[in-house]
Amino acid sequence: HRLSTLQSLYISFLLFILTKTRTSFSFLHTTSTHHRHYHRRRHHHHIAVKNSITRRLISTPRLRKMSSIPPPSDSHSKESKQQCKLVDIGINLTHRALIKHWQEVIQRAINVGVTKILLTGTSLKSSHQNLKLAHEWNTKQGTNLFCTVGVHPHDAKHFVTPATTTDGNLKKDETDARTTIDEIKDLLQNNPFAIAVGECGLDYNRNFSTRTDQITAFTEQVRLACELQMPLFIHEREAHENLVQVLDKVEDEFGKLPPVVIHCFTGNLNEAQVYLSKGYYIGFTGTICKKERGAHLRELLPHVPLDKIMVETDAPFMGFQKTKYGRFSEPAHVVGVAEEISKCHGISFEEVCEQTTKNALLFFGIKEED
């Protein structure tokens, strides 16, 4: 009887243990299942949030620029703007801010639709360097780069004329003198990518060269442009009256000037109207995008016909966007210049691209298929 009682107690204990164990297993199973469902719900929630953010990135232009998500195919998308061709009529590619990574700079511009770029010659040295870079790029990547050849007013003090070839005295045989104009003419006539005379003009803001030297160098280059019938790429700072006087004087000599563009215009409305009355084109840079410095330019822009406007960056100068290299401009930023012009004129970005590109190709004599 005692043994039977002990057995009964033992059996009851085992049954108790088994019951508790099953309850624990059931709880663990329930908890595990709950956790699986919980994490599954969180996973689906994260996907929904990600999709929501994606839709916002696609639909918001400002955010879209910061993302790598392909934009929708609407007329105002970045993709559409990339399809609009633009010509940057003036960059300083040999400047230390650009030259170290110049191929990346050019490729970034092409990627956003800037298919033709003018490399500005400001001296004989930079003109030679630009032509070398243009030849290197164009023979490998396609004809995207063209050059101007000339001497900037800052460098006019180095401009050699027959009267200053030998210690300021005229040589007996002037044909022995290798003048600056001779070298400019040689570069223009013997390089297919050299398509304009400049950057030449007058700069009375800094006066790095005397006004006499500036006028001499400018006059000679205008005469050369008339002789070769090549476009003039002109710089002017606080020298409007004298600049017009030189151009009028040479026009009287030759009867007619070749096409003229006043590049990187920063003057006032009266000056712009004088240039327009003479049939000159006007180039606008990123200065128009600057809040204070560009205010007066944004006001006068509606008074400048679109068929007389060309766009440029004058890179690395006139920067209005911060890049990883600092606040320098580069030719890709000319898209922003075109956008600002579209706002000032109250027309579409596409229309600005179409007309300014047409202007530049016609002005410089560039074939669209080049």
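Me: Let's start with Phe265 and Tyr275: buried or exposed?
Reply: Buried means under 20% relative accessible area, exposed means over 50%, and partly exposed is in between (1.4 Å probe, protein chains only). This is a predicted model, where local features need pLDDT of at least 70 and side-chain atom pairs count only at pLDDT 80 or more, while totals for chains, interfaces and linings use all residues. Residues are numbered from 1 along each chain as its sequence is written, and side-chain values use heavy atoms, with hydrogens and water left out. On that scale, Phe265 and Tyr275 both come out as buried.

Me: How many aromatic pairs are there?
Reply: Rings of Phe, Tyr and Trp (its six-membered ring) pair if their centres lie within 6.5 Å; planes under 30 degrees apart are stacked, over 60 edge-to-face, and the rest tilted. Under this rule, the number of aromatic pairs is seven.

Me: What kind of pair do Phe265 and Tyr275 make, and how many residues apart are they in sequence?
Reply: Their centres are 6.3 Å apart with 85 degrees between the planes, and that makes the pair edge-to-face. For the elements, helices (H or I, at least four residues) and strands (E, at least two) are DSSP runs, numbered from the N terminus. Phe265 sits in the loop between β6 (260-262) and α10 (269-277) and Tyr275 in helix α10, so the pair ties together parts whose sequence separation is 10 residues.

Me: How many residues separate Tyr281 and Phe363?
Reply: The ring centres of Tyr281 and Phe363 are 5.3 Å apart and the planes meet at 75 degrees, so this pair is edge-to-face. Tyr281 is in strand β7 (residues 281-284) and Phe363 in helix α13 (residues 349-364), so the pair links distant parts of the chain, with a separation of 82 residues.

Me: Which charged residue lies over the face of Tyr281?
Reply: A charge sits over a ring if NZ of Lys or CZ of Arg is within 6 Å of the ring centre and within 35 degrees of the ring normal. Arg211 does this over Tyr204, at 4.0 Å from the ring centre. For Tyr281, which is buried, the residue, at 4.2 Å from the ring centre, is Lys308.

Me: What is the angle between helices α6 and α7?
Reply: Axes are lines fitted to C-alpha atoms, for helices over the stretch in contact, and angles run from 0 to 180 degrees between N-to-C directions. Under 35 degrees counts as roughly parallel, over 145 as roughly antiparallel, 65 to 115 as roughly perpendicular, and the rest as oblique. The axes of α6 (residues 124-141) and α7 (residues 180-189) lie 11 Å apart, and the two helices are roughly parallel. Their packing angle is about 10 degrees.

Me: Which residues of α7 make that contact?
Reply: Contact means heavy atoms within 4.5 Å. On the α6 side it is Leu124, Ser127, His128 and Leu131. On the α7 side it is Thr180, Glu183, Ile184 and Leu187.

Me: What is the C-alpha separation of Ile366 and Ile195?
Reply: Ile366 is in the segment after α13 and is buried at 7% relative accessible area. Beyond four places in sequence, it touches Lys116, Leu118, Phe146, Ile195 and Leu361. Ile366 and Ile195 are 171 residues apart along the chain, and their C-alpha atoms are separated by 8.6 Å.

Me: What is omega for the cis bond joining Ala315 and Pro316?
Reply: Most peptide bonds are trans, and most residues other than glycine have a negative phi. The bond from Gly198 to Glu199 is cis, with omega near 10 degrees, and Glu199 is in strand β4 (residues 194-203). Pro316 is in the loop between β8 (309-311) and α12 (334-345). For Ala315 to Pro316, omega is about 5 degrees.
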